[in-house]
Amino acid sequence: MSGSFRDPVVLRSDDEDLVDVLEERRHGSDLGFTFRTFSPPSCPAPSVSSSDLRQSVLDSLFLRHVAKEVAVETGSPLEMVMGDARSILEEMSQNLQLGFIRLMAFTLTKVFKKLFRSIFINMDGLNTLQQAVQENPVVLMPNHRSYVDFLIISYILFAFDLPVPVIAAGIPLAGMKIVGEILRRSGAFFIRRSIGSDKLYWAVLSEYVRTIIRKEFAPFEFYVEGLRSRTLKSLTPKLGMMHMVLEPFFKGEVFDITLVPISVSYDRVLEESLLAHELLGVPKPRESTAGLLKATRILQEDFGSMFVNFGCPLSVRSLCEGRIDRCRFNLRPRHVPQQPSADVQACVSWLAHLVVRLQEEGSVIGPWSLMCCQLLQNPVHVLTGDGLDWQQLSDGTVWSRRLAVDCGARLSWSGSVSDPDVMTSAAALHRSVVQRRRGRVYLLQGEEPERRRPIGSEDGVMRTAAAVLMLASYRNQALHVFVRPAMLAAALNVTRSRRREQLLGFFCFLQDVFSHEFIFVPGRSTQDFEEACFYLKKCGAVNIDDQEVTVPDSGLEVLSFLQKLLQPFIDSYQVVFRFFCEDGPQVFSEKQLLPAVRQFATKLILSGELHTYEALSSDTQKNVLSALRRLQAVTKLRASEQNEYKVNREAVRRTADVLAGKIPPQMLQATPDARL
Amino acid sequence: MASNSSGGGSSDRQRIARQRLSRIAGHLQRPADGSSAIVAAECKAHGSQADVPGEEKTVPRRRQEIMKWNGWGYSDSRFFFNKKGQAEFTGRRYRLSGLIIPGLKDWFESTFGASLQHKTPATPILNSSAVQPPTLNEAFVEELKSTGIPLSHDAEDRVFRAHGHCLHEIFALREGKFGRVPDMVVWPNCHNDVVKIVELACKHNVCLIPYGGGTSVSSALECPPEETRSIVSLDTSQMNRILWIDEKNLTAHVEAGIVGQDLERLLNESGYCTGHEPDSMEFSSLGGWVATRASGMKKNVYGNIEDLVVHVKMVTPQGVIEKSCQGPRMSTGPDVHHFIMGSEGTLGVVTEVTMKIRPMPEYQKYGSVVFPNFEQGVACLREVARQRCAPASIRLMDNEQFKFGHALKPQVSSIFTSFLDGLKKFYITKFKGFDPNRLCVATLLFEGDREKVLQHEKQVYDIAAKFGGLAAGEDNGQRGYMLTFVIAYLRDLGMDYYVIGESFETSVPWDRVLDICRNVKARIIRECKDKGVQFSPLSTCRVTQTYDAGACVYFYFAFNYRGLSDPVHVYEQVEHAAREEILANGGSLSHHHGVGKLRKEWMRDTISKVGMGMLKSVKDYVDPNNIFGNRNLL
């Protein structure tokens with residue numbers, strides 16, 4: 001598989017390949033930059049105006065076909081359905097204009113210069129992209145960590161004379177006064193959040209996307225994760241848009257499609273505290289222009305650097321070789337909608353996961369992420385109480401830096417500054433979360449936003465949790481490097497076995513349980529296991545022969561570090577399992593579940609039974625639910641309108657027992673269908 | 001029934017025939033003057049093996065007397081670069097013969113990155129000692145000799161019938177390499193000869209491989225290397241008479257070994273034609289057309305072979321199969337003709353065919369239309385097909401092929417012509433704003449009475465205008481058709497300079513024409529790059545036939561193989577990939593070249609397992625001992 005075992009790289013800011021986009025802006029004229037000649041290499045096809053694009057969607061046989069079906073189903077006249085389609089399209093449509101790109105470039109230059117010290121991009125990635133845009137339709141697939149990413153790709157492409165993309169965005173952005181329109185004219189098109197079973201909407205959207213791909217007039221950009229990750233961890237990819245994007249290739253309407261994974265990483269994320277609170281159930285503020293203006297106060301703060309890594313372009317054609325039988329589309333007109341077959345679904349899912357994995361591999365890990373890994377090895381009450389010895393933290397961080405490099409991480413760790421200075425500056429950047437006093441480091445608890453009620457013990461838990469979740473999210477930025485070795489470490493610890501087969505069994509079980517927590521490319525379990533073995537062996541933590549994996553004493557430190565990294569997740573999952581088995585109702589809706597679990601976990605934390613605050617994160621809770629559904633321990637009720645689920649307590653208990661090492665994983669697979 | 005019917009009309013007709021011949025196929029051999037009357041003779045194989053005195057045969061038994069043994073066509077006709085580096089075409093048979101083609105060298109060098117300095121000449125003479133000695137079935141030979149049917153074990157004769165014109169076949173011959181070749185060649189003179197040969201082959205368990213014109217491009221003529229029996233090549237070329245013409249029903253009964261140019265010439269002399277003109281018509285035979293489901297350039301007026309055939313006689317190991325009458329259509333279960341058409345020599349030998357004939361058209365006119373791009377061109381062809389007003393032939397060449405055709409322009413004699421050419425070019429590219437790297441050209445051929453042709457022409461040009469097409473003259477049209485006749489000669493020239501290539505075809509529904517053209521061409525280019533081909537290949541296509549529900553697309557693919565250790569293998573891998581791409585894009589396995597052994601691997605997917613079973617069971621019944629053992633198709 002391409003790119004999965006990349007050589008470990010330590011990025012240094014003095015790296016020749018890395019270029020700071022802001023550097024030139026700080027010296028040159030912003031107006032000059034805004035109004036310079038923009039002459040990107042041409043895309044494979046000539047440009048298409050947004051009204052022509054809309055018209056060809058409306059004229060498409062596919063849309064007409066679906067519109068006729070909708071007309072028959074709803075009993076309304078075809079013209080009316082087509083009228084609806086037209087207004088959907090108007091609501092959705094982008095209106096890319098160079099003038100607005102210039103405006104965007106001007107504004108963003110001002111904002112970025114305030115927010116960031118530098119924005120690093122890898123020039124080799126940009127150069128290969130420059131080649132790729134001239135050959136096939138290009139799909140830019142960045143991860144989404146902050147609202148700031150939204151136009152960063154367009155900004156960079158404009159700055160380097162590459163064609164500016166059309167971007168899929170959520171409809172709330174369109175609702176922002178003026179800003180929505182500016183985004184639209186900068187190439188954004190807007191998609192409703194919950195489309196559900198609105199057939200016409202699906203049809204318009206998918207034809208719109210396919211037409212953009214087919215016409216090849218501009219790169220297409222979308223977030224395969226579907227939304228902003230609240231945890232800074234990659235999200236399980238959403239497949240709907242991916243299907244739409246790939247279909248023109250499956251049906252032979254384009255020769256190939258180039259996917260470009262793009263990784264955006266931050267030293268410090270603008271919304272860090274908002275995200276943590278959202279995870280604890282505080283609703284996210286609505287996107288509004290007024291809100292945006294209010295947020296301008298953050299312009300005073302320092303957010304360190306931003307890294308944008310353009311990954312190696314992937315050829316969909318080469319990747320799909322042997323996975324898809326394209327002949328299956330031969331016997332029907334291509335505009336007649338067809339349920340994707342199993343091989344197509346599997347292939348799309350595989351590709352989407354692969355891209356997210358490559359995003360992970362391309363992302364840059366800063367010193368702060370490693371420091372958070374170290375901090376979270378300690379009990380929370382130590383961090384909030386006596387604090388952690390600074391020397392211990394910095395030694396640990398330097399130690400884990402080696403480990404990270406051994407496991408193939410891309411680090412940004414300045415070589416021109418001494419290690420202690422690097423860490424001091426990282427801690428200073430994050431002074432809203434940690435404080436360094438008299439050689440010790442303390443976790444700062446967030447200020448209470450509402451002080452109407454007296455502070456109860458539960459509020460205290462929430463305040464601590466918010467701070468812990470902030471640390472956790474920076475740790476998460478580094479987790480993809482460690483997760484596979486950590487799962488092997490957990491397998492060694494839980495099973496107490498040395499036999500490869502058994503370890504692999506437990507490893508695969510963990511992949512099943514954590515299928516929504518971490519990104520695993522489907523069908524690669526064995527390779528993932530081998531990869532974990534390879535890295536642990538490389539850093540001297542284990543010895544491996546054909547049959548066995550043995551642990552030398554010198555390896556215990558690494559294994560213990562890795563295992564502790566994974567422990568909060570295992571503990572959180574066990575809490576939710578316990579909730580289902582003990583407290584929870586047999587039938588519940590997602591809306592009821594989250595507060596109930598949060599309450600349950602809070603109680604356990606207060607009683608001292610539970611040590612990790614991460615169990616309070618709604619993200620973790622949702623992931624457990626998805627995993628249990630996947631393991632068929634929880635089933636969705638068909639008849640239910642409000643997403644109700646039914647629990648099979650026996651199955652949940654068995655899963656919990658396997659995770660605790662009480663029964664071997666094979667037992668789980670042998671269970672009869674949980675739905676019965 | 002007979003031929004040279006009544007009086008004065010005939011010389012008139014002959015004059016028209018000649019005129020027409022020189023128009024459409026000035027490149028075809030002119031008939032030897034003198035009487036080449038149609039003979040309704042009885043089978044004359046017995047006793048004398050001599051040909052009827054005075055009768056000039058286009059295809060003699062010893063083909064090597066007039067044709068190349070390791071290349072395409074007549075020995076006297078070939079391209080070469082003269083001392084000045086200009087391309088010339090030798091001989092006197094074709095319009096291009098004796099002319100200098102000034103643009104070819106530049107096109108050749110810039111398209112392929114080839115150089116006249118780097119030559120790869122072919123082995124000049126056939127080395128008979130390198131040919132395996134024949135494995136003969138003595139008993140069979142003895143009995144066959146007693147029938148008086150001519151036969152030969154001569155190495156040259158055998159090598160000549162061991163191949164078609166696939167790239168790998170010609171490449172091997174040029175290197176003087178021979179694989180398994182037939183052990184013997186027989187030349188039956190008539191249907192009854194064939195019956196005797198097949199009977200004896202069954203009796204002595206000898207493998208028979210029918211041979212018609214030898215123009216196969218599907219490895220159909222290759223001897224299966226695993227065949228241990230004696231292999232006998234059954235050459236039908238001497239069965240080349242028109243047995244009768246039926247002017248009431250407009251049919252002709254013809255022996256199946258006749259080659260296309262003879263059939264047309266002889267019918268023309270009586271004022272008729274079949275109108276069946278596949279690109280290989282100089283050499284390919286009627287029996288071969290039937291056995292491969294051939295298609296002719298003018299099928300829009302005359303139909304493909306399956307539309308033209310009224311009655312077929314085929315000799316099989318189980319006996320002779322034929323229908324009892326000549327009804328124009330029958331509802332008598334599945335049409336048994338369809339077991340014969342496309343059987344590719346696996347079931348028996350087609351010996352006689354009754355074919356539809358038509359009076360010769362009064363008037364013919366070439367034409368051409370330039371489109372700003374290929375998409376517009378395809379849209380125009382689709383519209384022409386929708387309105388069912390396609391001329392006798394309509395073809396759309398892509399930009400690369402347009403340039404290729406342009407490079408074949410012979411030296412113009414007058415300054416005026418070149419001035420006119422310049423003006424035309426200026427008008428199209430500058431005044432009309434066509435991009436010379438995107439424009440493409442459709443070539444047209446109209447046939448019928450003068451008035452109707454002119455009317456028809458206007459209708460087609462009007463449609464073309466709606467798609468941005470500009471009429472571009474008769475000359476361009478005619479040159480477009482010439483390209484198809486000389487392309488095989490050009491391949492030999494390329495092979496002298498490290499360039500190898502071939503053509504292949506498919507048929508595809510209208511909505512996928514553009515996609516298949518783009519994807520297959522791109523796939524070829526990508527595969528070449530992946531396989532280490534140093535220079536970007538020539539990868540070009542044209543839409544050559546239109547149907548109600550789709551079109552036939554023809555691809556040319558060639559590349560410079562300098563630096564490759566096994567160019568033929570690379571070529572085959574790329575062609576294989578291109579075929580996969582065709583199938584993945586909804587194209588068929590073949591429109592008219594057939595399956596042979598080259599495309600066998602895709603047959604099951606193409607016609608389903610049950611379909612394969614049906615064909616197999618027919619084979620098992622008709623030829624249980626696999627006497628017709630060329631192993632094509634299944």
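In this predicted model, the residues of α7(B) that come out as buried are B:G260, B:Q261, B:D262, B:L263, B:E264, B:R265, B:L266, B:L267, B:N268 and B:E269. That makes 10 of the 10 residues of the helix, which spans residues 260–269 of chain B, so α7 is largely enclosed by the rest of the structure. Just past the end of α7(B) sits B:G271, whose phi is positive, at about 90°.

Turning to where the two chains meet, 17 residues from chain A and 13 residues from chain B make up the contact. Putting chain B and chain A together buries about 1,200 Å², with 34% of that area on carbon and sulfur atoms.

As for specific pairings, 14 residue pairs are in polar contact across the interface of chain B and chain A, counting pairs with both residues at pLDDT 80 or more. In chain B, the elements that each give two or more residues to the side touching chain A are α17 (513–530) and α18 (567–584). The top contributor there is α17(B), with 6 residues. Sorted by class, that side of chain B has 7 charged, 3 polar and 3 nonpolar residues.

Salt bridges feature here too, with 5 between chain B and chain A. In one salt bridge, the side chain of B:D515 meets that of A:R334, at 2.8 Å from N to O.

Note on methods:
Residues are numbered from 1 along each chain as its sequence is written. Chains are lettered from A and ligands numbered from 1 in the order in which they are written. This is a predicted model: local features need pLDDT of at least 70, side-chain atom pairs count only at pLDDT 80 or more; totals for chains, interfaces and linings use all residues. Side-chain values use heavy atoms; hydrogens and water are left out. Contact means heavy atoms within 4.5 Å. Buried area is the accessible area (1.4 Å probe) that two parts lose on being put together, summed over both. A salt bridge is a side-chain nitrogen of Lys or Arg within 4 Å of a carboxyl oxygen of Asp or Glu. A polar contact is a pair of N or O atoms within 3.5 Å; within protein, one must be able to donate a hydrogen and the other to accept it, and residues adjacent in sequence count only if both atoms are side-chain atoms. Helices (H or I, at least four residues) and strands (E, at least two) are DSSP runs, numbered from the N terminus. Ala, Val, Leu, Ile, Met, Phe, Trp, Tyr, Cys and Pro count as nonpolar, Asp, Glu, Lys and Arg as charged, and the others, Gly among them, as polar. Buried means under 20% relative accessible area, exposed over 50%, partly exposed in between (1.4 Å probe, protein chains only).
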